[in-house]
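The following explanation is intended for a reader who meets this structure for the first time. Please keep the sequence and the model in view while reading.

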Amino acid sequence: MDRLLAVFLDGLIFAAWLFLVSAGLSFVYGVLRVLNVAHGSFYSLGAYLAATLVGAVVGRGLSVLLTYPALLAAALVVGLAVGPPMERVLLRRIQGRDEVTGLLLTFAVLLIFEDITKLVWGVTPWSADAAYGALGQVRLGTVTYAVYPLALVGVGAAVGAGLWVLVNRTPFGKLVSSVIADREVSAALGVDVGRVNSFAFTLGAILAALGGALVAPMISVVPGISVEVIIVAFAVTVIGGLGNIAGAALGAVVVGLIRAAALYFFPELDLFLVYAIMTLVLIFRPYGLFGRPEVRRI
Amino acid sequence: MGTRASRKLAFIWRLFAVLGLVAAACSPAPSAPTQPPAGQPKIPGAPSEIKVGLVTFLSGAASGPFGIPARTAAEVWVDKLNREGGIGGAQIKLVIVDENVPTDQQVVQLRRLALDEKVDLVIGYISSANCLAVAPVAEELKLLTVLFDCGTNQVFEEGRYKYVFRTAAHTGIDGIGAARYLLMVKPDVKTVAGINQDYAWGRDSWEIFIRALRKLKPDVQVLDTLWPRLQQNEFSGEISKLLSLKPEVVFTSFWGGDFVSFINQARARGVFDQTTILFNNDGSNIEEFGKDLPDGIIIGFRGPHWIEYPDPNQNPLQKEFIDLYRAKYGKYPMPHGSYHVVQALQGVKAAYEKAAQAAGRWPTVDEVIKAFEYLEFDSPSGRISMAIGYGHQAVEPAVYGITKLDPQLGFSRLDRVKVFPVKCVNPPDGVKTLDWIDQGFPGAQC
Amino acid sequence: MKGRPPLRPLGAVLGLGILLGAPWILPGWLLFLLTLALAKGLVVLGIVLLMWGGLVSFGHGLYFAAGAYTVAFLYRFLGVREAAVGILGAVLVSGVLAGVVGLFLSRYRAIFFGMLSVAFSMILYAFLLKFYFVTGGTDGLRVPIPSIAGFEPPARDIRTVYYFLNLGFACLGLFVAHRLSGSPLGYLMRAIRDNEVRVEYMGASVRRTVYAVYLLSGVLGGLGGALVAFNVGHVAPDLAYWTTSGEFVFVAILGGTGGVGAPFVASAVFELVRNYAIKLSPYTWQLGLGAVLLLIIFFYPEGLWGLYEAIRSRLSAWPKSSSKR
């Protein structure tokens, strides 16, 4: 029983992280039809800036509780600083070209940002672990958990709810939905697709950076985390269906629980299972567990 | 004509011009030859400089606790050696290469050092996987390669090499020392678990420890073994499992970023309150942990590489090393990577000097190799003897202790330090470590 | 025709001379890089074949790793140290793998093709990484120097022998690709890129075409992997990781799809530039790579080959231009 509880909680924690890093990727694809490989870079930048800010807060002797708004601030700064310029300068130029070009372009941006982070932050690890232990511990069953990762689950749920409300209950969200459904018709109806694109891409960047910032206290921030995260985010997004936020949430929960279970019962298979599921979903339900097939244009 | 093709062409010519200028600007200016300072006798025929490749982690999670201290220690020691005349008059020039590339790229890098940079020898490799990969290539290249830090015992037990040496003890001392020390401080231990990185070092460390422990106390029960990825850095799942299993002792060979992350995450979740953690190596800089390293951790130093052992007052090289390092960097040379690289440099110097003495001139690689086999030399870690691995593998005593915060020092010291002599924790020449353990340590002198 | 400089035969003779004389002209390190580039060029060629049909495979690391590990496993479990057997085994294994994977992949297009190919390669990666006692995990496996068709080359000639071995296979790949390009399959692939539905209406099977070319592409990938394994002497799970596949795609785009020689030229350029860029500035070479990729996407979509063709057409028009008004 204890074991199952531990698997469930660990799975949820991992799922929360997965959702945070995948939601933005899925959303951006839905609106812009671009698989943004540089999503990993935004994640990495968020983590680095978060580590920097946490270090600054602790270094000045300020209350450690201030590190939490610092994390959120890091995400916002990265998203707002990098998102709009990239969309404006690069993505608009390749509008209309096929999706693979978009993928290659964002891959190039990932490579560029990899080196930029090395130049700015150096290659030795940064740490933000002051924020990890500050919330204390809690005992669930017979296992003690740090509160911070559990709080992440709450944040993940909040972000998911927020996105849902944004897309389904706000006027702007209706515009976003219409662009996701059919870009050309929306433009024909007078929707400012450019503005929606900018907004969506920036939001995606903020979400990616948020994922990085929130996970920074739990890891060692080093070059290369962008490359590792993007493939996992990618797997989750595909499982849930590209462009589908609810799908991303479901995909995150599925992958999270399965990985946690694998860790306990079949440790050799944990990574293998994630990609195997991704493959199976792509083969049997290519548009994801929740996605809708797209009509092929001739 | 302004055709698209001709515009493209013009761009190409301009691009080449710019690249040419950049290349010219970046090429290093020829430097004036430096005079070897007075001090050591010059070996007849010595070149003005001896190029030594140094391969260590300059980036990634292993760089902070390991690779960079190894580099800084090497630079400090090479400065000292060069001040004293280098190696028989040849100034040592370090060519530093980042070890943070995948294993199959390591062999490419080694080739590059040999064929492109044309180094005289290579000192390198912290990661056990890399040691195993480069050893055969070093043989093919006929390049003298001194493994300075990696721990896997497999290097000279599963292969025979002429050009490869290791001037530090392998992880046999860590595992056997850990088992003996554990039984010394916790003679009634019943349950144990292991969490180790899933690669040669982690696998070897665990295997040696658990076999030695079982040999010395057969009723010990292993509750679980966990194998996270090297440099995984995030252990919430693994820690949950350990918390639910509640072993008395957790053995781990973590080093680098994993060491730091594991301690931080374990501490935040109260692991240290219910389990004793046993580290078979000082996987990170104890000084940098400051007051954050919990008390009661059993930790080994992969030999005599602690600031208090060997005693600086009795080992002048140790005193010099600590003083020089602190003078330049303001901190203690830790962890064992720093000591290991200095051991390697000392070994190389001693081998060249011994070979030169026998030959009466600057020696060939083969002569250096002959001198290196079964060599004994001094270092800050004490007297090192290349006693096993048919003369290519060094032996050292094992040093273990328990952490205890020293408020005055500002970081943790070692309590209950025990030094296990060389013949207690190293198998004899020609005997594989695991075989020696399984046979019950025949010939051990504790 | 009068006055046109005899560039082509001269260029060809010069090029051939350099290629054949490389082991004696080039320093050891450069020869090694070139040898590797030729082997990797085969993998890139495989990707280019698919790009004729508008399909970009981001998972070719699957075949690259499969070929390399086949060679390593043959040594580890069967003690085989013979290049011919290793290469045959790699070709067989990657062929079978491509045969199975191709059944699924040939039904997909555009971004889904890319995604599914990555997925398969990551499954292999996970397997290679985790099954330590079989695959050596992150340590990888050693590949000793093999005998070549029973013949043990003397130690100092090994690198020369490898160079010619790789050159031979590269030429074979070139030949096969050239024939494919002019064959019905080749034309069909290009037609599929233009408009798949029309190809179906014509009565040709799109799926079978893609499947056949994919099979060949996988075999080329496995062959390249085996050759690299012999050259480097070590295999590791990273061969199957998505960034390795991404690197091959980058080289394919760098070369362009215009000519069958492009993958090899681009591969050589890439290896050389990467080696010296890393040496010069280890923390900005990826930036350079990304910048070049952006340049190509925006300004030079035909890649190096397109550039070469532009230069060639400019030069061959050169004597005539003076007579233009």
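The model is predicted: local features need pLDDT of at least 70 and side-chain atom pairs count only at pLDDT 80 or more, whereas totals for chains, interfaces and linings use all residues. Residues are numbered from 1 along each chain as its sequence is written, and chains are lettered from A and ligands numbered from 1 in the order in which they are written.

Chain B contains 16 helices and 15 strands; helices (H or I, at least four residues) and strands (E, at least two) are DSSP runs, numbered from the N terminus. A compact globule of 446 residues would have a radius of gyration near 22 Å, and the 24 Å of chain B agrees with this. That radius is taken over C-alpha atoms, and the globule rule is 2.2 Å times the number of residues to the power 0.38. Along the principal axes, the C-alpha atoms of chain B fill a box of roughly 85 × 65 × 45 Å. Of the 446 residues in chain B, 56% are buried, a residue being buried if 20 or more other C-beta atoms, placed from the backbone, lie within 10 Å of its own. Two residues are in contact if their C-beta atoms, placed from the backbone, lie within 7 Å. Among contacts in chain B between residues at least 6 apart in sequence, 72% join residues at least 24 apart.

Chain C has 15 helices and 2 strands. The C-alpha box of chain C, taken along the principal axes, is roughly 75 × 55 × 40 Å. Buried residues account for 50% of the 325 residues in chain C.

How do these chains meet chain A? Between chains C and A, the contact takes 33 residues from chain C and 33 residues from chain A. On the side of chain C, α5 (110–130), α11 (242–255) and α13 (285–298) each supply at least two residues, and α5(C) gives the most, with 14 residues. By class, this side has 26 nonpolar, 6 polar and 1 charged residues; Ala, Val, Leu, Ile, Met, Phe, Trp, Tyr, Cys and Pro count as nonpolar, Asp, Glu, Lys and Arg as charged, and the others, Gly among them, as polar.

The contact between chains B and A takes 23 residues from chain B and 28 residues from chain A. The largest share of the side of chain B, 6 residues, comes from α8(B). This side has 7 nonpolar, 13 polar and 3 charged residues.

Notes: A residue is buried if 20 or more other C-beta atoms lie within 10 Å of its own, exposed if 12 or fewer, and partly exposed in between; C-beta atoms are placed from the backbone.
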